[in-house]
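Hi there,

Here is the structure I promised to pass on. My notes on what turned up follow just below.

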Amino acid sequence: MKVLKFGGTSVGSAQRMKEVAKLICDGNQKIVVLSALSGTTNSLVEISDYLYKKNHDGANELINRLSEKYTGFINELYSTQEYKDKANALILSYMNYIRSLVKDLFTLFEERVILAQGELMSTGMMNLYLNEIGVNSTILPALDYMRTDKNSEPDPVYIKEKLNDLLKKSPGAEIYITQGFICLNAYGEIDNLQRGGSDYTASLVGAAIQAEEIQIWTDIDGMHNNDPRVVENTSPVRHLNFDEAAELAYFGAKILHPTCILPAKLNNIPVRLLNTMQPEAPGTTISNEMEKDKIKAVAAKDNIISIKIKSGRMLLATGFLRKVFEIFETYHTPIDMVTTSEVGVSVTIDKAKHLEEIVNDLKKYGTVTVDKDMVIICVVGDLEWDNIGFEADIVNALKDIPVRMISYGGSNFNVSLLIKASDKKSALQALSRHLFN
C-alpha cells in the first residue's frame, strides 16, 4: 500500500480537490494524508490571536468570514443537493465548535484545538466528495492513532498498533483518508507534530504500515538543484539519498522538512516528491541509494547570525568549547555551523531571540564579534573526502565572493559556506554555472 500526502495548495480550490480525487482513484488501495485547505490554518491562527487578546467580536467576524469561504467551496465541489447539505452540516458543526471556544479563558490548549479543525474539515469534505462520486472511502481519525510521548516525539509503537487496528476495521475501503499535522500528546490533549507537519504524518504512517512508497504532492515538480526564485533554468533532481535530502531541507529547500523523512529512511521506504499541477512529471525520488561522485544541488539558509569568540588564553584550555556550547544550550539556541582555530571559535545561529544574553555570557571567555544579515550556502552531493576536486570546484565558483566561514567534514554530503546576504544571488548563480552547466 502507498501513502500519498497532499498539501494545502493541492486542495486549495474545489477544482483542485477534484483533480486530487482523480489522482488517487486508480483502483489501488492507499492512505491519503491531507493538510487543511490553503489559507485555513492562517485564518485559525488569526482567530486564536483575537481570542488571546479577548477581542471576541473580531474573532467571530473572522469565523463568519471563514464559514462563507467554505460555503462557496462546497457549492463548487458537490454536484448534488444531498451532499451539499451533508457538507454544509459538517462545516457548520466545526464552526460552531470554534465559536464555543470564544470565551474569556483562552490558553495554548484551546489554540491547538482550534488549529486542528482545518485538517478535520478538509478530510471530511474530501471523504464526502469521494462518496458522492461512488468511491469506497473512509476516514482514519488521526486523533485515534497519532500520539507523541512526554518528550513531544512521535510514539512509533503506539502509532503502529492503533493505526493497524483501525485499518482492520475497514478492510474493504479503496481510499483511507487521514489528517496530517494533528495528534494527541502524552496527556491525551489535542496537539500537533510541529516540525514537518503533514509530511511528518505521511512518513510516520508509511513506517507504521511498512508502505511500498510515500508520495509528497506539492505545487513544484520535485526538489530543484538550486533556488528557482533566484536562479534561472534550475532543474529537478531526479534522485537523492535520504541524507542529501535532509541536508538540503535543513539548509533552505522549503519543499520538505528535514525531520519528516527520518521514519522513511529508518524503514527503507522510498519517498517521491511530485507535482499536483503536473502529475505526469517524474519528480524527485529519495531513498537510501547513493549516486557516487556527483554534486546534486545547492540551497541557501537566510537570516543567519555569525558569532566569533576570540581568546588566546582560553581556547587550548580544557573545557573551553564546552563552556561556549553550554551558553547556547542554556538559551535553547541551536548552532548551524562551527569552525575553530588556535585562538578562536566561530559559530552561526538562526535565532536572534536571546542574542544579547548569549553575547553577554560569551564575553566572560573572550572577545566577541557579531555579524548579522548572513546566509549559509549549502552544496550537497557525494562529497566523500577522497573524491578529489569537488572542493576546488566549489571554491573556484565563489572566487569573487568574500566567504566568512567554510565547514566540511561533519557530513560526507555537505559543504557549507557563510557569506553576506547581499552576495546570496551572485553566489547561487555562480555555483549553478560552475557545478551544473
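A definition to begin with: axes here are lines fitted to C-alpha atoms, for helices over the stretch in contact, with angles running from 0 to 180 degrees between N-to-C directions. Helices (H or I, at least four residues) and strands (E, at least two) are DSSP runs, numbered from the N terminus.

This is a predicted model, where local features need pLDDT of at least 70 and side-chain atom pairs count only at pLDDT 80 or more, while totals for chains, interfaces and linings use all residues. Residues are numbered from 1 along each chain as its sequence is written, and side-chain values use heavy atoms, leaving out hydrogens and water.

Now the helix pair. The axes of α1 (residues 14-24) and α5 come within 11 Å, crossing at roughly 65°. On the α1 side, the contact (heavy atoms within 4.5 Å) involves Met17, Lys18, Val20, Ala21 and Ile24, and α5 supplies Ser122, Met126, Tyr129 and Leu130.

Next, the cores, meaning sets of buried Ala, Val, Leu, Ile, Met, Phe, Trp, Tyr and Cys residues joined through side-chain atoms within 4.5 Å. Buried is under 20% relative accessible area (1.4 Å probe, protein chains only). The largest nonpolar core has 103 residues, and Tyr145 is one of those with the most contacts inside it. Helix α5 (residues 108-132) gives this core its largest share, 11 residues. Another core, of 21 residues, lies apart from it and includes Val298 and Phe390.

Finally, Ser306 sits in strand β11 (residues 295-310). Ser306 counts as buried because its relative accessibility is 0%. Beyond four places in sequence, its contacts include Asp371 and Arg404.

Best wishes

Terms used:
Buried means under 20% relative accessible area, exposed over 50%, partly exposed in between (1.4 Å probe, protein chains only).
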